Amino acid sequence: MTEQKQQKTPQEKSPNTKRVSLNWLAQLTGDVKEHPLFYVWIAFLLVVCAVAGVAAILVWTRGLEMTGLTNRVPWGLWITVDLSAVALGAGSFVTAALVHFLGGKRFAPVSRVALLIGLLADTGTGMILMLDLGRPDRFYHPIIYWNPKSLLWVITWSVILYISVLVIELAPVLLESRYLERWPAARRVSHQIHKATPVVAFLGVVISMIHLSATGAAYGVIRGRPTWFNPMTAIIFLTSGIYGGLSFVIMIIAITARVMQREIIKRSLLDELAQIAGGTLVVCSIVRVLDLASNYFGYRPFFGESVALLHQETPYSLSLTIGEFLFGMIIPIIIFLNRNLRWRYRNLALAGLSATIGVLVCRWDTTLSGLVAAVSYSPSNPTVQFFPYSPTWVEWAAVAGVLAYAGLAYTLAVRFLPIFEPHEEKGGESEAHVAKPAPAGAS
């Protein structure tokens, strides 16, 4: 009898296994028919990631000669994207400061998406650096071989520590998902993490501020580059990261709400956040204007010659006036500080996109200005020379791959994880936010 049971067991399990497989395929087929655009979007992102993988292999096997970088211009598109990602991911520490230290508990529903964006931005930065460094197999060297006097070492440790903080803060999103409901221990661990959130958030705010200011200071301490050597660069990078990160979070929420066709964050809460972004942008714009004024009315050796050469050989003047001021400051300020305008999702998306463009242009101008217009340092007759730079398709493919990775991770997280579900706060502060009436004519 025992042998008969042992012989029947595989035969009895086989139909069940086939039935489960068929049910899973039927559910997947039905989901594809119900949401075809979702799967087209996922397929497109995967193709972009595959192309970026080919570009990465070429760089790792043939070296940086596959790029447009040279000994004269060693930093280009990749470093610009790195610095931009750091700035656009700064919304995570801004919302953490609002929720935990500035009395803005009502903004807790925004914190999870801001943390997710911050994590994707910083991990994307690491991916780009793995290509730009040229020796990705030595990525662990800053961890073992310390050099506290180097700002690049400080930046590396800031990235490592901040990613760790973001992983800890986002752990409850996975632990509270429906996929772990069968394990009660996951809920208990999530509850313990919530208790430690204020301490972790404080560390995240400090580390992120160090990260942003250190990236700017890395330029500001280099005396040999006239357009870089500026003690205000650290402050500019910090302030632009604050308004850029907050504006980017608002843009992502507005676009996600339009795509999902539902209110994922209360409209009144998003309206208040946009108002804060507008006020922050005004202060940061004043700092930027004062910085430019001090540059043009002050004196630094070869600064005037370098800027004149940039205006002559590159669209530097247009990037300042149209990129940084029109898109980066004027348009978002007008929308964020006008309630009738900021109440609409499409206007919030436009304001966030404009601020994002401003941050991207600011980082591009900073990175390239000191490299393409450089002093020759001839002992007899030092002059400023122009060194052209043009990114190759490998650089563009790598950047597109990082963006595709971020888009893919964000899409899957929003679809399958409780990203837009508010934390369970005592007193119900996150749920008790009373919606404000919509302005006349707003929808």
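## An edge-to-face pair

In this predicted model, Phe-38 is buried, having a relative accessible area of 17%, which falls under the 20% limit for that class. Tyr-39, with a relative accessible area of 24%, is partly exposed.

Across the structure there are 11 aromatic pairs. The rings of Phe-38 and Tyr-39 have centres 5.1 Å apart and planes at 90°, and the pair is therefore edge-to-face, since planes over 60 degrees apart are counted in that way.

## An aromatic cluster and two arginines

One aromatic cluster is formed by Trp-75, Tyr-219, Trp-228 and Phe-237. Two of these rings have an arginine over the face: Arg-225 lies over Trp-228, at 6.0 Å from the ring centre, while Arg-363 lies over Phe-237, at 4.0 Å from the ring centre.

## The second largest pocket

The second largest pocket holds about 910 Å³ of space, and its lining is made up of 32 residues, among which Leu-129, Leu-133, Pro-142, Leu-152 and Thr-156 lie nearest the centre. By residue class, this lining divides into 20 nonpolar, 7 polar and 5 charged residues.

At least two lining residues of this pocket come from each of α3 (77–88), α5 (108–132), α6 (141–144), α7 (151–175) and α8 (184–220). The largest share, 8 residues, is supplied by α5.

## The largest cavity

A search of the whole structure finds 4 cavities of 30 Å³ or more, and the largest cavity has a volume of about 260 Å³. The largest cavity is lined by 21 residues, of which Thr-227, Arg-288, Asn-295, Tyr-316 and Thr-366 lie nearest its centre.

Two or more residues of this lining are given by each of α9 (233–260), α10 (267–297), α11 (303–313), α12 (316–336) and α14 (345–372), with α10 giving the most, 5 residues. The lining of the largest cavity divides into 10 nonpolar, 6 polar and 5 charged residues.

## The second largest cavity

About 90 Å³ of space lies in the second largest cavity, whose lining includes Ile-236, Tyr-243, Cys-284, Glu-324 and Met-329. Arg-288, named above among the residues nearest the centre of the largest cavity, also lines the second largest cavity.

The elements α9, α10, α12 and α14 each give two or more residues to the lining of the second largest cavity; the most, 4 residues, come from α9. Here the lining residues divide into 5 nonpolar, 4 polar and 2 charged.

Key:
Residues are numbered from 1 along each chain as its sequence is written. This is a predicted model: local features need pLDDT of at least 70, side-chain atom pairs count only at pLDDT 80 or more; totals for chains, interfaces and linings use all residues. Side-chain values use heavy atoms; hydrogens and water are left out. Rings of Phe, Tyr and Trp (its six-membered ring) pair if their centres lie within 6.5 Å; planes under 30 degrees apart count as stacked, over 60 as edge-to-face and the rest as tilted. Buried means under 20% relative accessible area, exposed over 50%, partly exposed in between (1.4 Å probe, protein chains only). A charge sits over a ring if NZ of Lys or CZ of Arg is within 6 Å of the ring centre and within 35 degrees of the ring normal. On a 1 Å grid over the protein atoms alone, a cavity is a set of points where a 1.4 Å probe fits but cannot get out, and a pocket is an open set with protein on both sides within 12 Å along at least five of seven lines; lining residues have an atom within 4 Å of a point. Grid points are joined across faces, edges and corners, and a volume is the space filled by probe spheres set on the points. Ala, Val, Leu, Ile, Met, Phe, Trp, Tyr, Cys and Pro count as nonpolar, Asp, Glu, Lys and Arg as charged, and the others, Gly among them, as polar.
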